[in-house]
Amino acid sequence: MISVSEARQFISNYTGRSSVVTLPLVEAAGLTLAADIFSPVDVPFFHQSAMDGYAFCYQHWQQQPLSVTAHIPAGSWHTQQLAAQQAARIYTGAALPIGADTVVMQEKTQLAGQLLHITDEQLQQGSNVRPRGSEIGKGALALHAGTYLNAAAIGFLANLGIACVPVHRKLKVSIIVTGNELLQPGNSISHGQVYESNSFMLTAALQNLPVIQLATQYVQDDVPATISAIQAALLYSDMVLLTGGVSAGDYDYVAAAMQACGVQQVFHKIKQKPGKPLLFGQKAHQLLFGLPGNPASVLTCFYEYVLPAIEAMTGQPHRRVQQVQRRLSDTVYKKAGLTHFMKAVCDDVQVTVSQAQESYRLSSFATVNCLLVMEDEATCYEKGELVNVHVLPTTI
Ligand SMILES: Nc1nc2c(c(=O)[nH]1)N[C@H]1C(S)=C(S)[C@@H](COP(=O)(O)OP(=O)(O)OC[C@H]3O[C@@H](n4cnc5c(N)ncnc54)[C@H](O)[C@@H]3O)O[C@H]1N2
Ligand code: MOO
């Protein structure tokens with residue numbers, strides 16, 4: 001059995017970046033830029049008024065009334081040069097006429113006929129004007145490769161006139177659920193049956209990630225059926241998530257089926273709880289995770305291994321699971337040998353381990369916000385001790 005850190009290293013050895021595609025801006029939201037983006041234009045593209053008011057030449061003004069000779073709404077272009085002692089009625093976003101360098105807000109003026117009196121004592125040369133290229137100059141670096149395209153980044157790129165950008169494409173992920181005992185929710189249950197929850201949980205977990213989820217397959221504990229499902233998934237997937245069938249029982253066929261499909265087994269079993277029987281394999285650029293069937297094991301392995309792999313493969317710069325340190329509210333014990341990921345609740349100061357740690361139980365997982373990490377050789381963490389905590393994302 002390998003350690004948690006060895007498992008992370010093995011997985012990261014096989015997480016190549018997804019290929020680059022050029023997508024329209026809105027489709028690129030939530031993905032990561034695959035190249036530096038330089039501005040194709042000056043923004044603003046002209047000296048621009050920041051207010052509704054009057055544009056004029058500050059130097060020629062000399063505190064004298066100005067004659068209003070032009071009217072410039074946003075989107076129009078006034079071609080005549082303003083003479084000294086002239087002003088133009090101008091609106092927010094409009095281009096300054098040639099000869100003007102300053103705008104006074106309309107609230108700080110008085111108009112008598114065509115004569116404009118400026119009453120703004122704070123006014124300076126250049127007030128209320130956004131100079132050409134003051135946001136960004138033509139040819140300057142706008143966003144660097146590796147930037148996560150959030151709403152602001154998408155808006156910024158649109159503002160530069162850019163319609164499409166190169167990004168790391170979404171991963172195609174398939175789920176294969178194994179188990180004879182499983183029954184879809186909504187049906188009445190018989191003795192020996194178990195409601196199937198893993199596919200629902202994984203589908204929900206994948207929803208806010210840079211992933212295209214392909215069809216989920218449900219297979220009996222049967223080698224040929226498992227092989228066919230893996231082969232079908234490998235036709236189109238970058239990543240295959242299997243659940244169940246990876247421990248020591250006579251009906252645990254996933255490892256053999258992966259091997260029959262030409263998948264190289266990278267590791268099987270980690271010194272951890274829950275999720276000890278995790279199986280990880282690869283074929284060409286494709287990664288396969290055999291997640292142990294117990295639902296809390298599936299989710300723990302998802303947060304600890306699958307999610308970081310998805311983030312790495314799609315070039316995502318931020319880690320959704322945050323590593324922090326908190327003080328323990330109560331002493332916690334465990335046996336030496338395995339790293340424990342314990343469901344817990346933390347605030348800004350302390351962490352409290354929850355009840356219901358067993359891996360068949362999801363109730364506590366549904367209400368906690370973090371996993372306390374107890375290292376493999378540790379047997380006791382004392383109340384008040386500073387401990388490592390993995391804060392779970394609220395959106396997954
Ligand atoms: N002799 C041993 N037995 C077990 C070991 C071991 O080391 N030696 N490991 C235990 C651990 S730890 C885990 S975790 C489980 C993993 O088992 P499998 O991956 O083979 O999963 P199954 O046996 O198919 O199922 C385990 C458990 O989870 C329920 N399950 C499975 N799939 C679903 C699903 N889609 N939705 C809801 N519940 C599911 C299943 O009914 C079982 O109760 O093995 C231990 N055994
Ligand atoms: O690892 Mo198993 O997930 O402890 O039950």
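## Ground rules

Because the model is predicted, local features need pLDDT of at least 70 and side-chain atom pairs count only at pLDDT 80 or more, while totals for chains, interfaces and linings use all residues. Residues are numbered from 1 along each chain as its sequence is written, chains are lettered from A and ligands numbered from 1 in the order in which they are written, and side-chain values use heavy atoms, with hydrogens and water left out.

## The annotated domain

Let's start with the record. In an unreviewed entry, UniProt lists residues 174–312 as "domain: MoaB/Mog"; positions are in the numbering used here, the feature name is shortened, and such annotations may be inferred rather than shown by experiment. Over that stretch the chain is 35% helix and 27% strand, and the end C-alpha atoms are 18 Å apart. Helices (H or I, at least four residues) and strands (E, at least two) are DSSP runs, numbered from the N terminus.

## Around ligand 1

Ligand 1 has 22 residues around it, and E181, E196, S197, S247 and G293 come nearest; a residue counts here if one of its heavy atoms lies within 4 Å of the molecule. By class, this shell holds nine nonpolar, nine polar and four charged residues (Ala, Val, Leu, Ile, Met, Phe, Trp, Tyr, Cys and Pro are nonpolar, Asp, Glu, Lys and Arg charged, and the others, Gly among them, polar). Both β15 (194–195) and α8 (295–313) supply at least two residues of the shell.

Now for the polar contacts, pairs of N or O atoms within 3.5 Å. A polar side-chain atom of E196 lies 2.8 Å from a nitrogen atom of ligand 1. Backbone N or O atoms also take part: one of G293 lies 2.9 Å from an oxygen atom of the ligand, and one of N294 lies 3.3 Å from an oxygen atom. Taken alone, ligand 1 exposes 870 Å², of which the protein buries 69% (Shrake-Rupley method, 1.4 Å probe).

## Around ligand 2

The residues around ligand 2 are K273, P274, G275, K276, P277, N294, S297 and S359. They divide into two nonpolar, four polar and two charged. A polar side-chain atom of S359 lies 2.3 Å from an oxygen atom of ligand 2. From the backbone, an N or O atom of G275 lies 2.5 Å from a ligand oxygen, and one of K276 lies 3.0 Å from an oxygen atom of the ligand.

P274 has a backbone feature of its own: the peptide bond from K273 to P274 is cis, with omega near -5°. P274 is found in the loop between β20 (272–273) and β21 (279–283).

## Elsewhere in the backbone

Another cis peptide bond joins V43 and P44, with omega about -10°. P44 lies in the loop between β2 (37–38) and β3 (48–49).

Q63 is worth a look too: its phi is near 60°, a positive value in a residue other than glycine. Q63 is found in the loop between α3 (58–61) and β5 (66–72).

Conventions:
A polar contact is a pair of N or O atoms within 3.5 Å; within protein, one must be able to donate a hydrogen and the other to accept it, and residues adjacent in sequence count only if both atoms are side-chain atoms.
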